[in-house]
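Please consult the sequence and the structure together while reading.

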Amino acid sequence: MSNKPSVLLFGGLNTFSRALASLLVPLEGEPLVSHLRIVDKFSVHPPTTYIGSEFPQLLSKPQLEYRQANLTIPSVVSKCFDPVEGKEPFDYVFDFTGELSSDRTEAIFINNTCNVARLLGLEAARRNIKAYIRIHQPFYETPKKAAQDGKDEVKPEGTIGVWWHEALRMLAAVPDLNLVVLRIGFGYGPYTTYGIIASAITVASVYGYMKKPMKSMWPPGKNPTNTIHVDDIAGAALACAEWIALLGRAAANQAAGEQIAFHNEKSKVKEVEGMPAHDEKLIAPVFNVVDDSESTLLSVGGVTTSFFGTNFEFFNLVETTLFKLKDDAVEEINEHHVSAWTEMLLGSKPPIPNTPLTAYMDKYSLDKHSVAYSNKKLKEIVGYKLKKPHLNHDTIKEVVDKWKAENSWPNAE
């Protein structure tokens, strides 16, 4: 018997789960697990989503197994929990699943986010999994006045936020599930193309190339945009798994439990399978996973643009008002920097015919977001120490250098 845990990792191949895989089964050094099974909807041979240049090397490791599967099907989920013949049952589950496109229909959010999380949670409880860690994307709007700790009630942002939040209620309602909820900030890091920080880095490089300031259509208020490096999403997830595996759910609730409040329409309770009653009191351990930067729209814009030798400014009130009145404002904003990004790729030495990066900013990226979390609880209760505590020129350089090395980023030299 191995004293190392056996781990199931669901979803997130196109977001942040590859960083956790790299932590658990590093390219060099001793693996932290006896076995790691990654399950997602994408193919990896050949890849049907961007996975970076290092992850394919991990796939050859004997401790790592990848499965392509449709996790909306109960029987498929059950089979994913079956251990490899001759190996121990799984100990930890990391759940990165959920629909990420904000323009999807409510039915898709219910099926791809709530239904999947619930199926995984039910099976994990049935299998007596020691730790179930749910990674919750920053689809919330927090008050701007102060960072929120786990006790503060936060409002889900849009339809996507409502159903991601409902997935937490469904998981919290599963009896005997050793659940920990991690509310992450805006993630970024090497080989991470998902999210508004990757978009900010790419677009800032374009304005540096054009030698123009990058401008925001939102006024320079507080606008908290708390960030977190992928290495710390991975590190915090593992630390929380080890924490609850020792305690169990009841003791973890006592130490870090928070009420997962109802933020939905009461009529949906009868319509959606597995949805807890609106007045059911649901408690689960909740931790915020953000760095120490206390990032805002202004600070993210400032650090990314300064890295590329330009600066970050704001449109004046008249310009902002005109943009908001236009139906085609998103396309107009994108027009200049998308064409300049193409120039940069074609002018690179050597030219870059294909890249997973885009300078196109969709409506979600251009919208104003307010995510202000406190990481104090994670540090004090779990004892987690951040590996990359600040979004700065060093962490941006790390990201850009990795993309350059795999020929995904333009090289002017």
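## Interface between the domains

Between domain 1 and domain 2 there are 0 residue pairs in polar contact (both at pLDDT 80 or more), a polar contact being a pair of N or O atoms within 3.5 Å; within protein, one must be able to donate a hydrogen and the other to accept it, and residues adjacent in sequence count only if both atoms are side-chain atoms. On the side of domain 1 that touches domain 2, strand E9 (residues 186–188) supplies the largest share, 3 residues. That side of domain 1 is made up of 5 nonpolar, 4 polar and 2 charged residues. In this classification Ala, Val, Leu, Ile, Met, Phe, Trp, Tyr, Cys and Pro are nonpolar, Asp, Glu, Lys and Arg are charged, and the others, Gly among them, are polar. The rule for salt bridges (a side-chain nitrogen of Lys or Arg within 4 Å of a carboxyl oxygen of Asp or Glu) likewise finds 0 across the interface of domain 1 and domain 2.

The size of an interface is often given as the accessible area lost when the parts come together. Here domain 1 and domain 2 bury about 870 Å² between them, with 71% of it on carbon and sulfur atoms; the buried area is the accessible area (1.4 Å probe) that two parts lose on being put together, summed over both.

## Basis of the model and domain layout

This is a predicted model, in which local features need pLDDT of at least 70 and side-chain atom pairs count only at pLDDT 80 or more, while totals for chains, interfaces and linings use all residues. Residues are numbered from 1 along each chain as its sequence is written, and side-chain values use heavy atoms, with hydrogens and water left out.

Domain 1 comprises 6–191 + 226–295 + 370–390, and domain 2 comprises 196–223 + 297–366; such bounds come from an automatic or database domain assignment. Their contact (heavy atoms within 4.5 Å) takes 11 residues from domain 1 and 8 residues from domain 2. The C-alpha centres of domain 1 and domain 2 are 30 Å apart.

Helices (H or I, at least four residues) and strands (E, at least two) are DSSP runs, numbered from the N terminus. Helix H1 (residues 17–24) is largely enclosed by the rest of the structure, because 6 of its 8 residues are buried. Buried means under 20% relative accessible area, exposed over 50%, and partly exposed in between (1.4 Å probe, protein chains only).

The buried residues of H1 are Ser17, Arg18, Ala19, Leu20, Ala21 and Leu24. Their cover includes strand E1 (6–10), strand E2 (35–40), helix H2 (55–58), strand E4 (92–95) and helix H7 (230–247).

## Salt bridges

The structure holds 22 salt bridges. One of these joins Glu30 and Lys4, whose closest N and O atoms are 2.7 Å apart. Glu30 lies in the loop between H1 and E2 and Lys4 in the segment before E1, so the pair ties together parts that are 26 residues apart in sequence. Glu30 is exposed at a relative accessible area of 58%, whereas Lys4 is partly exposed at 24%.

Glu273 pairs with Arg118, at 3.9 Å between the closest N and O atoms. Glu273 is exposed at 62% relative accessibility, and Arg118 is buried at 17%. A further salt bridge links Arg127 to Glu123, with the closest N and O atoms 2.8 Å apart. Salt bridges that share partners join Asp82, Glu123, Arg126 and Arg127 into one network.

Asp232 is placed in helix H7 and is buried, at 0% relative accessibility. Its side chain reaches the backbone nitrogen of Lys388 at 2.8 Å. Apart from neighbours within four places in sequence, Asp232 is in contact with Val289, Tyr384, Lys385, Leu386, Lys387 and Lys388. The C-alpha atoms of Asp232 and Asp291 are separated by 8.1 Å, although these residues are 59 residues apart along the chain.

Ser43 lies in the loop between E2 and H2 and is buried at 13% relative accessibility. A polar atom of the Ser43 side chain lies 2.6 Å from the backbone oxygen of Pro46. Leaving aside neighbours within four places in sequence, Ser43 is in contact with Thr48 and Gln68.
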